[in-house]
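I am opening my notebook on this structure, and I want to write down, step by step, what I looked up and what I found.

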Amino acid sequence: MSDNDHIYNCYSPPPVEFVKGEGAYLYTENGDKYLDFITGIAVNGLGHSHPALVGALTEQAGKLWHLSNMFRVPGQYELADKYCAHTFADKVFFTNSGAEAVECAIKTARRAQFVEGHENRYEILTTKGAFHGRTIATVNAGGNPKYMEGFGPVMPGFTNLPFGDFDAIKDAISENTAAILIEPVQGEGGVRALSTAFLKSLRALCDEHGLFLVYDEVQSGAGRTGKLFAHQWADGQADPDIMAVAKGMGGGFPVGACLATERAAKGMVVGTHGSTYGGGPLAMAVANAAFDLLNDPKLLANVNKMSNYLLQQFEALKDAHPDVVEDVRGKGLLTGMKLKKKALDVRNLARAQNLLIGTAGDNVLRLLPPLIITEEHVREAVAVLDTVFTQAKDMDDFEA
Ligand SMILES: *Cc1c(COP(=O)(O)O)cnc(C)c1O
């Protein structure tokens, strides 16, 4: 760890060092090969070193790196057109990260209430177990006390309500409420999907009370669930007014976006918001190429096929290892298994056998394979998990 001494101690990476990636695999300097079923947390959805992304980045790198938004940035208009053509949105603001996209979504919702004459409507209703990022506002939106402790007073304007409890949300609406901010599928919070029926009820509730429906699809978007965005499983009946996206949309290049309807974006005029790097030429070149690949029906069909296969295999693992696996969850290739043994220890056992996976809240093993996987990759991962769960049988039961 000594070569890590000058890095903030916010992370605790294992000693293994990866120097190259290709498709679903990562490689160390001496050529050790690992199957990547976490993809930088749902980022490298198209696998590592995708030739079309490498091509887009290197071509742009030879032309122009940065302009700032004081000029028209190549690629922004084209990419915004694509997102608006394939979603509910009319307007797009580009960011560098998920947290910034959520920040923009929060500002957009409040500002829209403001310009519609509802200056008192600033409160955002959020959900327990939510994760919206690590900025001061987004940790307050997420409401996880562990992420807020020691960072000053709790920020007013966010009310954190029980997960999946429609009545709690309904009862919390007051004359100060501006919006509901929610992940259609919680990633960090334990891979918990909301039903399309629930999302439709939220849409109706927002319409009834003049609230903006804001989705955080930073993790569940970019094709991860088998539709471009998870809420699109509701076939247009649970569209948001505002949505934050990031992670997979750049295939590994940092980029995010806040999408909004014309009405919701109305208040976001010159001087209200900005970003030096957001929507820069390099990000736009890669994100344009990534969009075309992610929006390909063949890729989305592969996600649906592979996720069915994967979930079926996970159910079989659960049946074979009832002492280890409590339940199987997820949507598309945003998958998880709640364990009876400590998920972090099980994750480490898998890494020792060259399978990279993650964890999430609620003692869940989180698996986010690239969207380009084949059945062979699934079989390889399942074989390792089978061995690992056998090893885990003798571990102490997990206690929250
Ligand atoms: C990762 C994540 C974020 C934060 O994104 P960053 O790029 O790390 O700022 C926000 N919301 C959700 C749902 C996420 O999964």
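**Second largest pocket**

I began with the lining of the second largest pocket, to which α3 (76-85), β4 (91-95), α4 (98-115) and β12 (256-260) each supply at least two residues. I kept in mind from the start that this is a predicted model. Which element gives the largest share of that lining? I found that α3 does, with 5 residues. The lining as a whole is made of 28 residues, and those nearest the centre of the pocket are Q76, V92, F93, F94 and M268. When I sorted the lining of this pocket by class, I got 14 nonpolar, 9 polar and 5 charged residues. For the volume of the second largest pocket I noted about 830 Å³.

**Ligand**

Next I turned to the ligand and listed the residues around it, which are S97, G98, A99, F131, H132, G133, E183, D216, V218, Q219 and K247. By class, this shell divides into 3 nonpolar, 5 polar and 3 charged residues. With D216 the side chain takes part, as one of its N or O atoms lies 2.7 Å from a nitrogen atom of the ligand. How much of the ligand's area does the protein bury? Taken alone the ligand exposes 380 Å², and the protein buries 81% of that.

**Open sheet**

Last, I traced an open sheet of 4 strands, whose order is β1-β2-β3-β15 and whose pairing is mixed. Why is one side of β1 and of β15 left without a neighbour in the sheet? I reasoned that β1 (18-22) and β15 (355-356) stand at the edges and each have a single partner strand, so one side of each has no neighbour there. Between β1 and β2 (residues 25-28) I noted 4 bridges, and these two strands run antiparallel.

Methods:
Residues are numbered from 1 along each chain as its sequence is written. This is a predicted model: local features need pLDDT of at least 70, side-chain atom pairs count only at pLDDT 80 or more; totals for chains, interfaces and linings use all residues. Side-chain values use heavy atoms; hydrogens and water are left out. A residue is near a molecule or strand if one of its heavy atoms lies within 4 Å of it. A polar contact is a pair of N or O atoms within 3.5 Å; within protein, one must be able to donate a hydrogen and the other to accept it, and residues adjacent in sequence count only if both atoms are side-chain atoms. Accessible areas come from the Shrake-Rupley method with a 1.4 Å probe; for residues, only the protein chains shown count as cover. Ala, Val, Leu, Ile, Met, Phe, Trp, Tyr, Cys and Pro count as nonpolar, Asp, Glu, Lys and Arg as charged, and the others, Gly among them, as polar. On a 1 Å grid over the protein atoms alone, a cavity is a set of points where a 1.4 Å probe fits but cannot get out, and a pocket is an open set with protein on both sides within 12 Å along at least five of seven lines; lining residues have an atom within 4 Å of a point. Grid points are joined across faces, edges and corners, and a volume is the space filled by probe spheres set on the points. Two strands pair if DSSP finds at least two bridges between them.
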